[in-house]
Amino acid sequence: MDQQPPPPTRRRARDLGIVIGRTPAGPFGAITDVPGVRVGHTTVRRDPDVRSGVTAVVPDAVGPRTPLPAGVFTGNGYGKLIGTTQLTELGALETPVLLTSTLSAFRVADALVGWMLRRPGCEETLSLNPVVGECNDGFLSDIRSRPVREEHVRAALDGASGGPVAEGCVGAGTGTVALGFKAGIGTASRTPDVGERRFTVGVLVQANFGGTLRVLGRTLTPRSLGLGPDVAAPVAETGSCMIVVATDAPLDARQLTRVARRAVFALARTGAAYSHGSGDYAVAFGTRPDPRTPVADSDLGALFESVLDGVEEAVLNSLLAATTTTGVHDRTVPALPADLLLDALAGTAAGPG
């Protein structure tokens, strides 16, 4: 098994005093703040040219007999989001949501099906809709080797846990690049008051998209931070961002589709370019299997705002947690240094070069 220990912990946005929005975060500031949601990673690193992996978002007890309400939104459809048609048609999630590398997505889907069929309650299952998203990590990893295998998928699923979530160069984010910097997995949460009740909404991103980074309205590039010439961006076909949103609010599939739409909209706040070759998707699910009395549409504003703020923070966390990485063809992508970011936000750094 080529699983590696998680990278060293770096400071997240809130640790640096960068607070986005007004709604409080949950205790871990992660998608796992939503009760019943766990996350697992398997990181696949083989020197000198493999930087890949798989990340699993696992809702408790999800299965073909106990589906969860869900929605999906496509911002730009240059991607291989497996399972999207049935998810759109039925608004029902039957499996965990897995994220990985583009050319490994099909192996990961097959491994997810095998894992599900062995789960209690699936002994008679004859149809199953695996949901697997992907980003192209081919700028830093030998993507053609398709390094993610069944044992990696099972390790991520079986090892999924609650509590703090490893971010940056881990799991499906090991080889990803976003907004000119090394990126990866990022997560965040909010606890909005919806109607007269308080709920939790959590997001997790696999960031790998183009554009120019914006933080609190400040435009930043590697050159503007004094890190040398801006790194040659991956070609257009290697972009993408996968977003997973979870909530314990009683929402139906139609409402969760609206939630997913806001998650993709939120990428614009970070400087996303939504280019031709970018696959920008969000999958949103609720943890209440049968919301007989869903939240009124007129009360959804606070939850929508929480999703926008959470995605923006999760993308920034993915950048802050990542470390400078050298991969295939000796390409190197710099991390976003926290100290230089704070200097720039304080107005002591030069503008974009």
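Analyst: In this predicted model, helix α3 (residues 150–158) lies across β1, β2 and β5. Its direction runs at about 145° to β1.

User: What makes β1 and β6 edge strands?

Analyst: Four strands form an open sheet in the order β1-β2-β5-β6, with mixed pairing. β1 (37–46) and β6 (131–135) each pair on one side only. That makes them the edge strands. Neighbouring strands here are turned by 15° against each other on average, direction ignored.

User: How do you know that β2 and β5 pair?

Analyst: Pairing needs at least two bridges between the strands. Three bridges join β2 (residues 50–59) to β5 (residues 97–101), so the strands count as paired. They run antiparallel. As one of the details, Ala-56 has Leu-98 in β5 as its bridge partner.

User: Which helix packs on the sheet, touching β2, β5 and β6?

Analyst: Helix α2 (residues 105–117) does. Its direction makes about 155° with that of β6.

User: Why are the rings of Phe-73 and Phe-265 called an edge-to-face pair?

Analyst: The structure holds one aromatic pair, and this is it. The ring centres are 5.9 Å apart, and a pair needs centres within 6.5 Å. The planes stand at 80°, and over 60 counts as edge-to-face.

User: What does the pair tie together?

Analyst: Phe-73 lies in strand β3 (residues 68–77) and Phe-265 in helix α4 (residues 253–270). The pair therefore ties together parts that are 192 residues apart in sequence.

User: Why does Phe-73 count as buried, and what is Phe-265 called?

Analyst: Phe-73 has 19% relative accessibility. Buried means under 20%, so Phe-73 counts as buried. Phe-265 has a relative accessible area of 43%.

User: Where does Arg-262 lie relative to Phe-304?

Analyst: Arg-262 lies over the face of Phe-304. The distance to the ring centre is 4.0 Å, within the 6 Å limit for a charge over a ring.

User: How do you know that the buried residues of α6 line one face of the helix?

Analyst: The buried residues of α6 (residues 338–345) are Ala-338, Leu-341 and Ala-344. Seen down the axis of α6, they fall within an arc of 125°, so they line one face. They pack against β13 (213–215), β14 (218–220) and α5 (301–321).

User: What follows α6?

Analyst: Gly-347 follows α6, with a positive phi near 85°.

Notes. Residues numbered from 1 in each chain as written. Predicted model: local features only at pLDDT ≥ 70, side-chain atom pairs only at ≥ 80, totals over all residues. Heavy atoms only, no water. Buried < 20%, exposed > 50% of the residue type's maximum accessible area, 1.4 Å probe, protein only. Helix = DSSP H or I, 4+ residues; strand = E, 2+ residues; numbered from the N terminus. Arc of directions from axis to C-beta. Contact = heavy atoms within 4.5 Å. Axes fitted to C-alpha atoms, helices over the stretch in contact; angles between N-to-C directions. Phe/Tyr/Trp six-rings, centres within 6.5 Å; stacked < 30°, edge-to-face > 60°. Lys NZ or Arg CZ within 6 Å of the ring centre and 35° of its normal.
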